Amino acid sequence: MTSRPVGIVAALQAEADVLLRRAQPRCAVPLGDGCSLLLSGMGPDAARAAAQALVKDGAQALVILGVAGALEAGLRNGMLICPGHVLDERGRVYSSDTAWSARLREQLGAARLDVRTDATLLSLPTPLPTTTAKQEAHARYAAAAVDMESAAVAAVAAESGLPFMALRAIVDERDDELPSPLLAAVDAFGRPVPARLIAALARNPAMIPRLPALSSRMNGAIRALRATLAVTGPRLAMP
């Protein structure tokens, strides 16, 4: 029996690098084992276009893989979430494939890796850089974590009648603040733009001591994704 082709969307270069070093933006790359990866860039529009391209290329299941910010106080850096539901800013709800999520949880559990599958993941078109913004979003949507792309990929899966799953590792915790000038100093794929970064740090030198902690948060989330894929492979337990 032939395995179902799986299309994987990653928004950031660091997320895509978990599967393939230096993936080319907006270009689907076969990974073997019936999987293809597309580095989309940040935001729902980019993620939707990537998911549609993967479906057009023959994907029969869709995954969004990457990092997310915590909205619940108990979620720590590096924790894994495979949400049961994904919610967008308009209140539209998309469900992950139950059987697929259960297989992933079983495989990770056997490897003594924990993944939370009972959470709701919120997708918004812009980041939530402050603790106050995260608390307000949690109060409004009752979601555990937030990203920018999962709902868009889930919508394409629903429109196409395909199974969907999101796998996110927590990068910034609920009380972490993300300096807006630093967010503006990266490109659409999360890669620092040197000229922007130098200018941002020159105007805001107080941010410099915070850089190691921010880098450590991203490294912790990426390690969690790598540990997961070491167990499941790129198919993430899809048979």
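Is Ser 160 buried, partly exposed or exposed? Select it and take a look: Ser 160 is partly exposed, because its relative accessible area is 34%, and the label "buried" is kept for under 20%, "exposed" for over 50% and "partly exposed" for in between (1.4 Å probe, protein chains only). Before moving on, note that this is a predicted model, where local features need pLDDT of at least 70, side-chain atom pairs count only at pLDDT 80 or more, and totals for chains, interfaces and linings use all residues. Residues are numbered from 1 along each chain as its sequence is written, and side-chain values use heavy atoms, with hydrogens and water left out.

**Stop one: helix H5**

Ser 160 sits in helix H5, which covers residues 150–160. Helices (H or I, at least four residues) and strands (E, at least two) are DSSP runs, numbered from the N terminus.

Ala 152 is buried, with a relative accessible area of 11%. Leaving aside neighbours within four places in sequence, Ala 152 is in contact (heavy atoms within 4.5 Å) with Pro 44, Ala 47 and Arg 48.

**Stop two: the pockets**

A pocket is found on a 1 Å grid over the protein atoms alone: it is an open set of points where a 1.4 Å probe fits, with protein on both sides within 12 Å along at least five of seven lines, and lining residues have an atom within 4 Å of a point. Grid points are joined across faces, edges and corners, and a volume is the space filled by probe spheres set on the points.

The second largest pocket holds about 260 Å³ of space. Of its 16 lining residues, select Pro 44, Asp 88, Arg 92, Ala 151 and Ala 152, the closest to its centre. H5 gives the most to this lining, with 4 residues.

Next, the largest pocket, with about 1200 Å³ of space. It is lined by 40 residues, and Leu 12, Leu 183, Val 186, Gly 190 and Met 218 lie nearest its centre. Which helix supplies the largest share of the lining of the largest pocket? That is H8, with 8 residues. By class, this lining has 24 nonpolar, 6 polar and 10 charged residues; Ala, Val, Leu, Ile, Met, Phe, Trp, Tyr, Cys and Pro count as nonpolar, Asp, Glu, Lys and Arg as charged, and the others, Gly among them, as polar.

**Stop three: two helices crossing**

Show H3 (residues 98–110) and H8 (residues 211–232): they pack at an angle of about 100°, with their axes 10 Å apart. That makes H3 roughly perpendicular to H8, a label for angles from 65 to 115 degrees. For the contact, select Leu 104, Gln 107 and Leu 108 of H3, plus Thr 228, Val 231 and Thr 232 of H8. These residues divide into 3 nonpolar, 3 polar and no charged.

**Last stop: two loops**

Most residues other than glycine have a negative phi. Now click Arg 26, in the loop between H1 and strand S2: its phi is positive, near 55°. Arg 26 is exposed, with a relative accessible area of 57%. Finish at Asp 33, in the loop between S2 and strand S3, where phi is also positive, at about 60°.

Definitions and conventions:
Axes are lines fitted to C-alpha atoms, for helices over the stretch in contact, and angles run from 0 to 180 degrees between N-to-C directions. Angles under 35 degrees count as roughly parallel, over 145 as roughly antiparallel, 65 to 115 as roughly perpendicular and the rest as oblique.
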